[in-house]
Each structure stands twice: as structure tokens, then as C-alpha cells.
Amino acid sequence: MDFDLSEEQRLLKESIDGLLTDSYDFEQRKKYMQEKGGWSKAVWSKLAEQGLLGLPFTEADGGFGAGGVETMIVMEALGKALVLEPYLATVVIGGGFLRHGGSAEQKAAHIPGIIDGSKTLAFAQLEKNSRYDLFDVTTTAKKKGAGWVIDGEKFVVLNGENADTLIVTARTKGERRDRNGIGVFLVPANAKGISKKGYPTQDGLHAADISFTSVEVGSDAAIGNPEDALPLIERVVDEARVALCAEAVGAMDESLKETVEYIKTRKQFGVAIGSFQSLQHRASDMFVAAEQARSMSMFATMAGDFEDAKERASAIAAAKVQIGKSLKFVGQQSIQLHGGIGMTMEAKIGHYFKRLTMIENTFGDTEYHLRRVADAGGLI
Amino acid sequence: MDLAFTKEEVAFREEVRAFFKDNVPPDTRRKMQEGRHLSKDEMVTWWRILNKKGWGVSHWPKEYGGTGWTSVQHYIFNEELQAYPAPQPLAFGVSMVGPVIYTFGNEAQKKQYLPRIANVDDWWCQGFSEPGSGSDLASLRTKAERKGDKWIINGQKTWTTLAQHADMIFCLCRTDPSAKKQMGISFIVFSMKSKGVTVRPIQTIDGGHEVNEVFFDNVEVPIENLIGEENKGWDYAKFLLGNERTGIARVGVSKERLRRIKELASKVESGGRPVIQDPTFREKLSACEIELKALELTQLRVVADEGKHGKGKPNPASSVLKIKGSEIQQTTTELLMEVIGPFAAPYDVHGDDGSNEAMDWTAQIAPSYFNNRKVSIYGGSNEIQRNIIAKAVLGL
């Protein structure tokens, strides 16, 4: 039983916090948003230089063999600074597919580019009617010779506009909601037959709707078993959920800190508004919500190592529920306690609220995961 | 970071479980599962079994009968005790006055009181709250005046839990009326059998008798019954209240109640099927379980922190425990009410005498719901807890 970071983990935390303190204040972030693609290549290179893009990969693959706790540390830091760069899409999700399902050749082809910062990835999964069900797939991948032909439409693909490689879920057999018959394919973003419509998301990130029309890929495109990749998808998406929990904890921490700071300095009726008990109690409830979220983020991080897949899934779903509830409360009340200024684009607080809100609706919202926990027979 | 218990800790948990299984009187366990009140005899019998095993005052220093367990072992012991369920040691003696006596008392007092607390030879009660002094405890008015070799005590205490069983009381009394609020208070202990002590029962909304008013009318108390220094009582009271940071979450109690909710929800029908199969109910139940899991983890963070870094500086997360712990306990009693629906209504006038078998499984559910409203009020109301977080943690 230990919730402390190891010496190496503490150093990692210091290093990423330090990097972001130097290069990611609110004004700098605004500038990065204006860059092509909506994020900073220079920051991405710095992350690569510090080895942060290679953290989860094995040493044999050129990485550092770090585990879930290290990802948690990084994601919390990214959440605190509202980082726009595609760490989740590239390292956590893209890297996750390669680590858990990639062949030696696929790893060799893609991991070095991730680690050195020269390549980014995107996960093309969401469909018009699939909502949060990962097995609800209508995009098809049909066998053609040794390779595959992919047809279908994917939506809100994070980093979809900028990525060099897309990781696409597609049905190789069966009906729309069958759990079998789903494959995962590595597709070059510039492949013939791909058309992308990119746009910024509400939280300042970038995504794209992507259509695939007779996109041909080779036999080496499938990650894992092309007829039974759902377990792989679920595993990687669970890791993405855990990472999002940590990012949300970082954003909540900062949101609470900013809010407490604000009500200590904002004066009305001749006194700091933080001296009013109704506001103090609200802030205390925000603290409670953030701490409960932190506990569940740690739990989810450690649950990543659970042997039992069902237990792991329930634990992570439960964490997403807690984080969803907490982030809504902390996010909304941060705006409320800031008053009018909280409603403006120029105050940082609203941007936390927006990112937190989008996190709730990524890979399953609170209701979705609550139902999952309930359907699995509860948690205790 | 590591969630797992060590091999030794797992073995310890097994040892604790086995001991409870072999030694908690079955009727005591059943009554606790059903949310019934236990008699004094039932409680004392169990506590003496525990004390004989050497676990009666587990967190005390070894020289006074403690176990020398790690903070994780204490956590395991408490959780298993709550979840079994069996009565926790009498807090007023074991967790409250005992630590004050071995920390601030003199040798004679340690010798006189500590072994009797451990074996519950004396049942202790707490004389803190007064009719005019609840959350604002330091405004208390019960006074102790020095007259020769005696204190003369006059005043009134209230919400005195199980004073009807008590042999001894530890009492905050004003000894210097001219001093400012917190400064003139002393910590005095005395026999409840003293002349001039009157106990009047208060019936709570669940129909039970847990709390009392206690009146002092010229009660004569030997001068040596002052613990520590005169007028330093407020410091001891703060020490006492801050002593138990983690047990207050009562995670084990809520776990046991969730088990019972599931058991009853599988039996009771609604819409032609067991309540547990109702999706809305199941989601509510799961939501409660998730809250409890988060609380359990928060508690473990505090426990692990104490184990590693000592009890010196409290982990800020510890202030979450009382608020969330009480809210979840209340939610579990609400869920039980929801499960039994219309059968919550009958009021069992027969008690646990076996004369009304049909009601045995439902009779205590509404009372337990009513009774549990107290948990967000006592031990520093949840509003006081929020004041503490605002001031001590957030610096507001």
C-alpha cells in the first residue's frame, strides 16, 4: 500500500512541470493555437527531447519502459497547463495499439517516429451512430488480394487533420453491433481515397471528420487479429480513459487553485469575497470533489495492472464516473465563483471548464460508465 | 505506487477475520446487521473478548496495552471489524479519554484509569456539548469551582451518548470565568455515580435511547481528577478530536450495509421482479458504490501517508473523510428505505423478542434511516468540516 511517487517518478514530474512552466503559460498557449494545425511543433520537440514521447515504450523499442503511473504524471501535468499537443492521440492511444497489438515490423515502422517527435497519430473510431460503444462499427474493411479496402466515415478524430498515420477501426465481418469481426488498421493519412474535414474543438484542440472511399492498404496494415480486435481496442481505450482521468485531475487542481486565488483577491462590499461562508463552503466542496477524483484516478491507474479484465474494466469505468461528476462540479463552480469574468474568453478559468467538459464526453460519459458498472453487478 | 497489501498484511487480515468468525457472538452480529441497538451486556461481553485477545486498545502505545501495529494493520482491523460487523471499541474510553490520559495525565491517573478503560470496567461518556454550546463548543458554561481539595461542578451537558450505561465522565468545565473563551476550560473526570449527577434520557426520532442530558448539581469531585494542567482543557479536547482521523469515514460500515441492500433487493419485488433488477435502482446503487470506492481510496491515501510519514502533519485529504463518509452512510440508509418501500412503515413495538417474525427484517430500516441523520451532525457537523477545509486547507 503506497501512494507516493518513486524517486524517478518525482524527477519525471519535476521535469515535465518545469518544462510546461517555462513554455506553456496562458499567453503562450494562445500563440500555439494560432500555429498551423493548432499546436506547437517546438513544444512537441521539447517533449521528445526530454524523452516524454517515448515513456511507455519498451527499451527494446527505443523507449523507457515506463508504466501507468508515469503516464498519469504526464497527463496530470498536461491537464494543468491545458496542453494542446496530441500526446493522448499519439503516445497513449497510437502507442497503445502498437505496444499491445503491433507486430515487430509495425513497431519498427512507427514507434521511432513517435519517440523522436517526427510523426503523430490519430485514432479514427467514432461513427455517426456508434456514440460510446466501441463495438458499434459500420466502416468496412474488405479483403482484396493480400490487403484490405476500407470504406466508411469517422467523426471527431482527435488530431485527425494533422496526423501522419490513422488507426482505423473497421468491420471485417458480421453485423453493425457484433462484438466479433472488428479489425484495427494502420492507414497512411495521405492514402488515396481519404478525405478530411478538419476543425477546432470546443476546448481549442483539433479534430477532423474523415471519410474513407475504397482506401487500399496492404496485408501489413492490420494490428492484431483483423477479425477479433475488440479486446485490443477495449484495452487501449481503457488506457486512454485512465489518461483522461489524470488529465482531468490536473485541470481540476488548477481550476480550484485559480478559483481560490481569485476569491481571496476579488473584493466586494469592502472585503474579499472568499470571506463569505457560502463561497467558502462551495470551495470546500470543490476540494472534496477534486480529492475524490484524484483517488479514483490513482485507482484507475493501478487498475491498469489488474489481471482480471472485467475487474479492470469496472474499475476504470468507475473512475470515469467519479471524474465525470467531480469535473462537472469543479468546472461549473469555478465559473460561478469567478462571476462575470469567468464567462469571458480572456480569463483562463473558462478554458479549464471547456476542456473538462470535453473530457467527460470522450470515450464514455458519466451515465454511460455508470451503466457499465451497474450492468457488471456493481463494484463492491 | 502500489495498491496491494503485502503478504504479511493479507495474512493479518485473514487472522483478524478468523478471530471475528470464531469469537463475535452470533446474536450480536445479527442485531448489528439488522441495525438494532445492543444491550450494555452484549457490548461489554464482546469488548472483553477483544481485550483478552490483546486487541481492545490496539492503537495505544505498547506500554499501556497497545499492539504496535502499523497504520495499515489498524486500518485492516477497523475495516474488518466494521464490515463483519461487530461493535467497535467504546470510542469515549478507548479513542478519546484514554489517549488524553496517557498523553497528559500523571502516573497515578494512568495506573488508575487505563487498565479499566481497556477492559471496560468503567464505561466512559463524554461531557462536551451543552444546550447552548454545540458547534461553538468553547462557549460552554458548566463550571468547576475549586473549594479546598474538591472541585464543585454545576451545569448541564447534553447529547451525552450512552450516559445511561456510564460509570465515568470526562468533562470540559469552565475553571476561569474571567479568561477568554478557550483559555479558561479544564478537563476533569469523575464518577457518574457521584451525588448530584442526574441523567435524563432523550428519545431520538428513531424511537431509540442513545443520548441523554446530564445535570450537575454541586457535584463534588476530588481535586486530583483534573487531567493535565488547569485551564488547558481546550488543548486536550482538540487533541482528542483530532486523534482519530480515518475511522470516521466508516467505510466498513457502509460496505456491510451495501451487502445488506443487495441481499434485500434480491428478495423484495417491484414491478414483478426483484428490485435489484430494476435498472434505475441498480444505477443508484452503483453510484453509491463508486462514491464509497473513492472514499476508501482517499482513506487509504491518508493511512499510507501516516504509515510512511507519521501522524504529524495531517494529509489534507483527511478532511474529506468525515464529509463523504457521513454522506455515504446516509445514502445507504436511503437505499434500504427504497428497497423495502411500503414495508418501511410498521413500527415494531415488540423489539427483538421474536414475537413478530414478519417484521424482523424490516423493522429497523426506517429507524436506522432516521438515526443516521446524526452522522452529518456529530463529531463536528459537515458545515464545520467545510469551515475547516476552507480555513486550514484552502487558506480562505
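**Ground rules.** I am working with a predicted model, where local features need pLDDT of at least 70, side-chain atom pairs count only at pLDDT 80 or more, and totals for chains, interfaces and linings use all residues. Residues are numbered from 1 along each chain as its sequence is written, and chains are lettered from A and ligands numbered from 1 in the order in which they are written.

**Where the chains touch.** How many residues of chain A are in contact with chain B? I found 32 residues of chain A in contact with 34 residues of chain B; contact here means that C-beta atoms, placed from the backbone, lie within 7 Å. On chain A's side, α7 (230-265), α8 (277-303), α9 (309-338) and α11 (366-375) each supply at least two residues. I read these labels as DSSP runs numbered from the N terminus, with helices (H or I) of at least four residues and strands (E) of at least two. The largest share of that side, 13 residues, comes from α8(A). I sorted chain A's side into 19 nonpolar, 8 polar and 5 charged residues. In this sorting, Ala, Val, Leu, Ile, Met, Phe, Trp, Tyr, Cys and Pro are nonpolar, Asp, Glu, Lys and Arg are charged, and the others, Gly among them, are polar.

**Two helices in chain A.** Next I looked at α1 (residues 7-23) and α4 (residues 68-81) of chain A, whose axes come within 10 Å and cross at roughly 20°. The axes are lines fitted to C-alpha atoms over the stretch in contact, and angles run from 0 to 180 degrees between N-to-C directions. That angle makes α1(A) roughly parallel to α4(A), a label for angles under 35 degrees. Among the residues that meet are A:L12, A:I16 and A:L20 from α1(A) and A:I73, A:V74 and A:A77 from α4(A). This contact divides into 8 nonpolar, 1 polar and 3 charged residues.

**The core.** Which residues have the most contacts inside the largest nonpolar core? They are A:F185, A:A248 and B:W124, in a core of 217 residues. Such a core is a set of buried Ala, Val, Leu, Ile, Met, Phe, Trp, Tyr and Cys residues joined through C-beta atoms within 7 Å. Buried means 20 or more other C-beta atoms within 10 Å, exposed 12 or fewer, and partly exposed in between, with C-beta atoms placed from the backbone. The largest share of the core, 19 residues, comes from α7(A). Beyond its neighbours within four places in sequence, A:F185 is in contact with residues including A:W148, A:I150 and A:V217.

I spotted a cis peptide bond between B:Y84 and B:P85, with omega about -5°. B:P85 sits in the loop between α4 (71-83) and α5 (91-104) of chain B. A:L82 is not a glycine, yet has a positive phi of about 55°. Is A:L82 buried or exposed? A:L82 counts as buried because it has 23 C-beta neighbours inside 10 Å.

**A loop residue in chain B.** B:T204 belongs to the loop between β6 (197-202) and β7 (211-222). B:T204 is partly exposed, since 16 other C-beta atoms lie within 10 Å. B:T204 and B:F370 are 166 residues apart in sequence and 8.7 Å apart in space, C-alpha to C-alpha.

Notes: Two residues are in contact if their C-beta atoms, placed from the backbone, lie within 7 Å. Angles under 35 degrees count as roughly parallel, over 145 as roughly antiparallel, 65 to 115 as roughly perpendicular and the rest as oblique.
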